Structure formats: C-alpha cells, structure tokens
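Trainee: Please pick one spot in this structure and take me through it closely. After that, I'd like to hear how the rest is put together.

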Amino acid sequence: MPQDHAPSPPRGASPATLADPPEAAFDWIDEACAERHRAGLVRTLRPRPADSPLLDLASNDYLGLARHPEVTRGAAEAAHRWGAGATGSRLVTGSTELHARLERELAAFCGFEAALVLSSGYAANLAAVTALTAHGTLVVSDAGNHASLIDGCRLSRARTAVVPHAAPAAVRTALTGHDGRALVVTDAVFSVDGDAAPLPALAEVCRAHGAGLLVDDAHGLGVLGDGGRGALAAAGLAGRGDVVATVTLSKSLGSQGGAVLGPARVIEHLVNTARTFIFDTGLAPAAVGGALAALRLLAREPRRAARAREVGAELHRRLAAAGLAVVRPDAAVVSVRAPSPGQALRWAADCRRAGLAVGCFRPPSVPDGISRLRLTARADLTPAQLDTAVDVIVATAPTP
Ligand SMILES: Cc1ncc(COP(=O)(O)O)c(C=O)c1O
C-alpha cells in the first residue's frame, strides 16, 4: 500500500512531560485511537478459520496455490527435512541447499543471472534500495510506490525525489542535471489501482542517464509475462545489467518470503552489505519448500498466469457494465472506487455478510485519499464463483 514519502508525523497528543506519572506514558495512544474512530479509519484483526465459508477475493493468492497439495507438501517435506526454522542468519547457519536451489530456479525462471532470498518481500525492498544507494545517490521514486520501497528510501542515505505516478517524463526531469549515481524505483503493478508502470519508457530514461532501475514485481510474478515470468520478462528487461527486480513469494507463489533478482555482482554486493539480509534469520525451510514447489508447478502449468489476467479483465468488464467506477486492470488486482472511507468499509462489510471477502483500501494506505474495494482476480475462480462475486458487489454497492 503506497504512502507519502515524508516521515510519519507524530500521532495523537503532545509528548508526555516529566511531571506525568510513569503509568501515563502511553495515554496519548487513547487520543490517537479516538482520532482514528472519528475519521472512520480503525483497523482490526479478524482471524479467519481454516475452513472459512467466504468466497475469497481479498487475499493475494492469485493463482490459488497457497493450499495446492503440491505446494503444501513441498512446505511440509521441507520442514521435516530441514527443520521448522532456518536456525540462523543466512551468512551463519541459515542458508540450506534448498535456499540455494530456490535462488537458482527463481533466477532462471524470471530470466535473471542470480537471486537472493530474504525473509519477506518487504525485507527484499529494504535490502535492494539501501544496498544500491549511498550518500550522494539520487533515488527517483514513483508517488504510488509500495510502503516497503518508500521505507527503503527513508532508510537509505540517499536523496529521494518523489515523482508523479507513472510519468517517465518526470523521471527524466528529476535525473537531468544530477551528476552522480542514481536509482529509479517503481512498482511493476501498483497495488492500489492495479495499473502497470511504463517499464520500457522508464528503462530508456534510465539508460540515457546512466541510472539503475529497481522494479518491485510483487504483483507481476506469476501473472504477467510468458507463463507468469513477470513484468520484467514481459518488457524484455529481465537480465539486463542495469535492471534489478524484487519479488515476494507470498502472492502468486502462495508461500512466504521475498527475493532480489539481478546481475550476479549486484546479488554478491547485497550478500555483503544489505542489512535486512545480513541481520535477519533466513527464511524458514517450509516457506522455501512451498515456494519452490509453486514455482515448479507454475513452470509446468503456464496457463494459470493467463487465466488470472482473463479473470481480471472479466471482473472489470462486468463491474464497469454495471456502472461501477472500476479501473481497467493490467494484472490481477482489480480496484473499484468508493465514495468515502465509511462507505467503502460498509460496502466491504455488506459483501462479507453476503459471503464474499474483498479488500478495502482507505487513507492513509491510498496516495490520493480515494477509498476503494480491492479485488483479487484469482486464476482458480470458477465461472459460478465469478458470477456470485459480481452479483454481490453490484447488489451491495453504495447508492450515489
Ligand atoms: C508491491 C508490494 N511490494 C512488496 C510487498 C511486501 O511483500 P511481503 O508481504 O512478502 O513482505 C507487497 C505486499 O504486500 C506489495 O504489495
């Protein structure tokens, strides 16, 4: 979910003074909480049962692989063979042969020279941005980027220029006149509206200015490109010396973890310098085994990627025909605009009561203040499930 690139403002009441009794230290939280209630922006956890009866259009399980028997078997066998945890950081005891196998196969599948697996996509983005920048580097970051890229910018010692969304001309302007290292960072598919970044144009601008291009392909892997090889493969940019990608193993691959893909020298640099790689316990073997099984399944069944795109296009067509403000998806994220945060919340709750789980994006998780329902175009939805989903969303839509 994108956010503003500025550091978070202090929340709630003014800081405690020395005169306050010590147990009042967190009283300011109550005021922050009341403020969230007033704005209709409270978030709560809703643990789901293993056998939830809801039709799921809220998860990121684009290909329906999280519970696929081959994938869960891959995870279970890895846990039995290698242990429940990785036992240490990757540079100490946390690298198993299974991690190395996943890195080789993931790099080969996506068309990159090398890969490095980390404990999450979030950690992968922090690793890539911080390791590829230094004091004096200019980072040019799309205003719609995911929070993890934004936090990478915040953590890096580089200067960040935030440019308007999907605007290669603005990237060119930001790079013009900068004398020194530069890195352009963008999501491949933006998580709020499901639109794709103009990767070929961005790559051209980067090349003209000698800048590196870092692309977060969290929503492209498994959905875009030939057989789901990702947005970089689709754009003919995979394997280029000036292009680095990050992916998550937690969406299309139905597992957990993240990875950085790129030239071998970039990966070797990350192994030696990326703090979220070095100072973090290696990814649990079960997650590695699950991701590897999913990757092999996807390589064997490439139709799954195209099917996710078809479901996305079909959802868009039918919801737009019903008069809803739905954005044309470039991958498997379908975004439907709601009139207000409160109505978005009620809409999602009404869908839930009718048996359909949908995502709900509200400020501050949206860069433009517009609240939305977020739907996942899962490749494994049956035609009957698609009908049900469309009927429920349309029937529960807020009246203008
Ligand atoms: C665009 C994007 N990048 C990175 C991430 C983080 O990946 P992970 O959940 O594996 O930490 C997400 C997941 O929410 C995402 O949507």
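Mentor: Let's start at Val333, which touches Val189, Ser191, Gly194, His219 and Arg374, leaving aside residues up to four places away in sequence. Touching, or being in contact, means that the C-beta atoms of two residues, placed from the backbone, lie within 7 Å. Before we go on, a word on the ground rules: this is a predicted model, where local features need pLDDT of at least 70, side-chain atom pairs count only at pLDDT 80 or more, and totals for chains, interfaces and linings use all residues. Residue numbers start from 1 along each chain, as its sequence is written.

Back to our residue. Val333 sits in strand 9 (residues 333-337); helices (H or I, at least four residues) and strands (E, at least two) are DSSP runs, numbered from the N terminus. Val333 has 25 C-beta neighbours inside 10 Å, so it counts as buried. The cut-offs go like this: 20 or more other C-beta atoms within 10 Å of a residue's own make it buried, 12 or fewer make it exposed, and anything in between is partly exposed, with C-beta atoms placed from the backbone. Val333 and Pro364 are 31 residues apart along the chain, and their C-alpha atoms are separated by 19 Å.

Thr87 belongs to the loop between helix 2 (69-82) and helix 3 (97-110), and its phi is near 75°, a positive value in a residue other than glycine. It has 15 C-beta neighbours inside 10 Å, so Thr87 is partly exposed. Ala166, in the loop between strand 4 and helix 6, also has a positive phi, near 50°. With 20 C-beta neighbours inside 10 Å, though, Ala166 counts as buried.

Seven strands form an open sheet in the order 2-8-7-6-5-3-4, with mixed pairing; two strands pair if DSSP finds at least two bridges between them. Strand 2 (114-118) and strand 4 (159-163) are at the edges with a single partner strand each, so one side of each has no neighbour in the sheet. Further in, strand 5 (residues 182-187) and strand 6 (residues 212-216) pair in the parallel sense over five bridges. Asp187, for instance, has Asp216 in strand 6 as its bridge partner.

There's also a ligand to look at. It has 14 residues around it, and Ser120, Gly121, Tyr122, Ala218 and Thr248 come nearest; a residue is near a molecule if its C-beta atom, placed from the backbone, lies within 6 Å of it. Helix 4 (residues 121-131) gives the largest share of this shell, three residues.

The protein chain has 14 helices and eleven strands. Buried residues account for 50% of its 400 residues. Its C-alpha atoms fill a box of roughly 60 × 55 × 45 Å along the principal axes. And of the contacts with a separation of 6 or more, 73% link residues 24 or more positions apart.
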